[in-house]
Amino acid sequence: MAEYPLFTHARRDGSATALSFEGRHLTWQQLAGRVQAAMVKVDDCLRDAPGTPGYRISLSLDGIVGLHALLARGCTFVLLSPQAPRALVDTVRERYGLTSVIEAGDIAAAFTEVERHPLPPGNHSNAEVRVLTSGTTGAPKAVRLPFNHFAAHARAAAMHLGLTGDDRWLACLPPHHVGGLSVILRAMLLGNTVHVVSPFEAAAVNAAIDAGEITHASLVPTMLHRLLEARGDKPFPPSLKLLLLGGAGLAPALSERARRLRAPVAPSYGMSETCSQTATLPPPFFLAGIEGAGHPLPGVEISIRDAVGIALPPEKEGEIWVRGNTVTPGYVDAAGGPDANGWLHTGDIGAWIPREGLRVFERRSDLILSGGENVYPADVEQVLLAHPAVVDAGVVGLRHEEWGQAVAAAVVLRSDVGVDELRRWCRSRLSAYQIPRLVYVLDALPRTQGGKLRRSRLREMVMAP
């Protein structure tokens, strides 16, 4: 039986730092001791309620220890947000047959407890994490992600981006989403230090970067925007190697600002169903002015298909299909997943650009059809975000008797500006059919903890009387 990788690091380089948070540092040996003790408590929980538990995971020492204990024990479990209300937890529990809901503090234990308990056997190769989709376009589904898929993903990311065991990763994304989860697991698999900053604070992250405590980070564009705003004109130190971007498209104005500071941004394309990134543009190409998500990771294939599944030639727009050893085997108790040939039909729209790689335009479910024209919300949002008075922007389609759907925009402003001014701004930069017919000013836009815009909720907000 193969040894859980965390224990291998503890044996080989036990005095190296595995985890740092709130000024504390844990070595691999110390972290392994806590995980071993927590495995005993996992056994106790499963003995009382055998089956598939839910696990409320937080970005904390207890949360990370509990995650590793469940994986090392070979469990199948569903990740839940620590802030998830009881009604949602009850719904998930009933829908997916959860036998219990484990809190992180229930299974995290002090290192000294290992001395009183024998190390229980485990089989991490059988472990399976079930991640709830973000629910930006509808009811969340439970995505099946076997541990071995994360192992394949870590190897592929290391090859594609030149990752090494000396890297120090920032952990600031919520770990119940795949982006935050993949940071923790990839770092453990590759032997990297994880530096936790939770909740995300731009000043604290900038300070850690300047101190050399962080060499790599995984962010969403909202976080990058805040990081650059707080940084001003101060360039990043050469010790910062990578800012992996996912979760949403990168607005041109944000790209330009990042390039001015020589920020090592790596735009990526991925989803819960693929253990996070499937394609990534390495920083040198981003800094050279290339747009898009780059080429797929080793072991991953990407194909652009038309409405009947025929592969399209380069530069033709169609649905993005993905296949590889990081793709989910399917959903729990829900239709979908890869087809008979292993292709996952993502529903996202993009094109393959020679030499540059994948260009992603929009999620199909977010596409607005207005007067027979396709409107991509991201295109309109990027124009609105370029206005100096706009802090945040979101675009949705609302039913319209004449046009089928009307383009509606919601904005958060940093200074007073009239709706007519925003429309004039858009009119000089967009085609007529893309200009928002309705503009709403809100105090804040509804976003997931991972930073994604919740379009279904935004649609409800602007439709409310």
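**Notes on the predicted model**

1. Nine strands form an open sheet with mixed pairing, in the order β2-β1-β9-β8-β10-β11-β12-β13-β14. Two strands count as paired if DSSP finds at least two bridges between them. Strands (E, at least two residues) and helices (H or I, at least four residues) are DSSP runs numbered from the N terminus. The edges are held by β2 (24-27) and β14 (295-296), each with a single partner strand, so one side of each has no neighbour in the sheet.

2. Some conventions apply throughout. The model is predicted, so local features need pLDDT of at least 70 and side-chain atom pairs count only at pLDDT 80 or more, while totals for chains, interfaces and linings use all residues. Residues are numbered from 1 along each chain as its sequence is written, and side-chain values use heavy atoms, with hydrogens and water left out.

3. Ala 217 has Leu 243 of β11 as its bridge partner. Helix α9 (residues 221-231) packs on this sheet and touches β10, β11 and β12 (265-271). The direction of α9 makes about 120° with that of β10; such angles run from 0 to 180 degrees between N-to-C directions, with axes fitted as lines to C-alpha atoms, for helices over the stretch in contact.

4. Helix α2 (residues 28-48) lies across β1 (17-21) and β2. The angle between α2 and β2 is about 80°.

5. An open sheet of three strands, again with mixed pairing, has the order β21-β22-β23. Its edge strands are β21 (390-400) and β23 (438-441); each has a single partner strand, so one side of each is left without a neighbour in the sheet. From one strand to the next, the twist averages 25°.

6. How many bridges link β21 and strand β22 (residues 404-413)? There are ten, and the two strands pair in the antiparallel sense. Val 390 stands opposite Leu 413 in β22. Helix α13 (residues 419-427) packs on the sheet and touches β21, β22 and β23, its direction making about 125° with that of β23. Helix α12 (residues 377-385) lies across β21 and β22 and runs at about 145° to β21.

7. The largest nonpolar core has 77 residues, of which Leu 6, Tyr 55, Leu 67, Leu 71 and Phe 77 touch the most other members. A nonpolar core is a set of buried Ala, Val, Leu, Ile, Met, Phe, Trp, Tyr and Cys residues joined through side-chain atoms within 4.5 Å. A second, separate core of 30 residues includes Cys 172, Phe 200, Val 220 and Leu 243. Neighbours within four places in sequence aside, Leu 6 is in contact (heavy atoms within 4.5 Å) with Trp 28, Leu 31, Ala 32, Val 35, His 68 and Met 188.

8. Is Ser 272 buried or exposed? Ser 272 counts as buried, at 13% relative accessibility; buried means under 20% relative accessible area, exposed over 50% and partly exposed in between, with a 1.4 Å probe and protein chains only. Ser 272 is found in the loop between β12 and β13 (276-280). Not counting residues up to four places away in sequence, Ser 272 touches Val 131, Thr 133, Val 143, Leu 145 and Val 178.

9. Ser 198 and Pro 199 are joined by a cis peptide bond, with omega at about 0°, and Pro 199 lies in the loop between β9 (193-196) and α8 (202-210). Glu 22, although not a glycine, has a positive phi of about 50°. Glu 22 lies in the loop between β1 and β2 and is exposed, with a relative accessible area of 74%. Glu 315 also is not a glycine and has a positive phi of about 75°. Glu 315 is placed in the loop between β15 (300-305) and β16 (318-324) and is exposed, at a relative accessible area of 58%.

10. Finally, the overall figures. The protein has 14 helices and 23 strands. Buried residues make up 55% of the 465 residues. The C-alpha atoms fill a box of roughly 70 × 50 × 45 Å, taken along the principal axes.
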